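Me: I'd like to learn how to read the features of this model, starting with the aromatic rings. Can you take me through them?

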Amino acid sequence: MIMKKTPLNQLHRDLGARMVEFGGWDMPVQYAGVIAEHLAVRSAAGLFDVSHMGEIEVSGAQAFDFLQYVTTNDVSKLVDGQVQYTALCYESGGVVDDLTLYRFAADRYLLCVNAANSDKDFAWLQELQGKSSLKDCELINRSPEYAQLALQGPRAAEILAQLTAVDLGALKYYHFIEGNVGGMEMIISRTGYTGEDGFELYCKTGDGAPLWQELMRVGEPLGLVPVGLGARDTLRLEKGYALYGHEITAEIMPLEARLGWITKLQKGDFVGRDAMLTAKEAGLKRQLVPLKLTDSGVPRDGYPVYCGEKEVGYVTSGTMSPSLRQGIALALVDADLATADAPLEIAIRKRRVAAERSSLPFV
């Protein structure tokens, strides 16, 4: 595998970040430590380099019709400047990827897709277009053209306001605007993956490092710290957000992963709809459930879940919550046990630890 580098790769190393290969990218896992970075985002602000994410542009007269057919959510609900969380699925109902969809105009959209799936997603979209009658739209993989930084935390707006004349107070959650930040033109999106207020900034590839340095310059006095992929994962798990390859895969339907709210079966035909309708009518056999450990232990991905002596599922994501100081997990279990009173346990090494059903978000 050829290792790809983000525009800020050397900057991360200069900051002493521990780097790791992630979906073909050389990315920072942590700087000062996962717990410290996690708590900084919850209390002040953190800056993430997420330039590994992919961007795919869909434009043309049939762009709306094409996206309505290939994604699970209802694209007709979007207006210009709005963002939508949605998914691509296979005909089987399993998930190709989850993504955010940006509407610039009725005939121009941008998809932000997961890093490791970028090439796969683009190829899947091309395949679907080739098999459909929706030829009057153009698909362009814009990923090499963008660097992306995520500024997240309760002081994010206060920090960003020092570098832009854009009225951030008027920018609603899951909306975006094109504007200038620190003398650089970019997409300013009020979105994120942490559950905190914040922004995702899409700039030109060459502007990634200067933008990082400007944000840190004005943000450090307000508590801004660099944050790696380690804390990004614990932050999203505390909020119960799905991660591709864990809660959603080619074998897991959105309906099983508590993503019925982005799966609009009533909107008309879309890829995977027939399989999902069939599964729903027959009764889903498994369901994602949030769990908290009632004793010490750290649940990890893949650990089995038991009800009595019967194995009834497995942990899709688990960690020791830095905010709660308690083991938390998302687990895919037999559907009849997702809301039942029967006690559940997670097998952690050679012992089983009791886990109580929780609600989301955990924090």
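Reply: Start with the rule: rings of Phe, Tyr and Trp (its six-membered ring) pair if their centres lie within 6.5 Å, and planes under 30 degrees apart count as stacked, over 60 as edge-to-face and the rest as tilted. Tyr-102, Phe-104, Tyr-146, Phe-176 and Tyr-202 form one aromatic cluster here. Keep in mind that this is a predicted model: local features need pLDDT of at least 70, side-chain atom pairs count only at pLDDT 80 or more, and totals for chains, interfaces and linings use all residues. Residues are numbered from 1 along each chain as its sequence is written, and side-chain values use heavy atoms, with hydrogens and water left out.

Me: How many aromatic pairs does the structure hold?

Reply: A pair of aromatic rings is described by the distance of the centres and the angle of the planes. The structure holds nine such pairs. One of them, Tyr-85 with Trp-261, is tilted, at 5.7 Å centre to centre and 35 degrees between the planes. Tyr-85 lies in strand S6 (residues 82–89) and Trp-261 in the loop between helix H7 (229–238) and helix H8 (273–282), so this pair ties together parts 176 residues apart in sequence. Helices (H or I, at least four residues) and strands (E, at least two) are DSSP runs, numbered from the N terminus.

Me: Is Trp-261 buried or exposed?

Reply: Buried means under 20% relative accessible area, exposed over 50%, and partly exposed in between (1.4 Å probe, protein chains only). Trp-261 has 52% relative accessibility, so it counts as exposed, whereas Tyr-85, at 14%, counts as buried. Then there's Tyr-102 with Tyr-202: the ring centres are 5.4 Å apart and the planes at 75 degrees, so that pair is edge-to-face. Tyr-102 sits in strand S7 (residues 95–105) and Tyr-202 in strand S13 (residues 198–204), so parts 100 residues apart in sequence are tied together. Tyr-102 is buried at 1%, and Tyr-202 is buried at 2%.

Me: Which ring does the charged end of Arg-108 sit over?

Reply: A charge sits over a ring if NZ of Lys or CZ of Arg is within 6 Å of the ring centre and within 35 degrees of the ring normal. For Arg-108 the ring is that of Phe-104, with the charged end 4.1 Å from its centre. Arg-352 does likewise over Tyr-306, at 3.8 Å.

Me: How many disulfides are there?

Reply: A disulfide is a covalent bond between the sulfur atoms of two cysteines; the cut-off is a pair of sulfur atoms within 2.5 Å. This structure holds zero. For Cys-112, the nearest cysteine sulfur, that of Cys-203, is 13 Å away.
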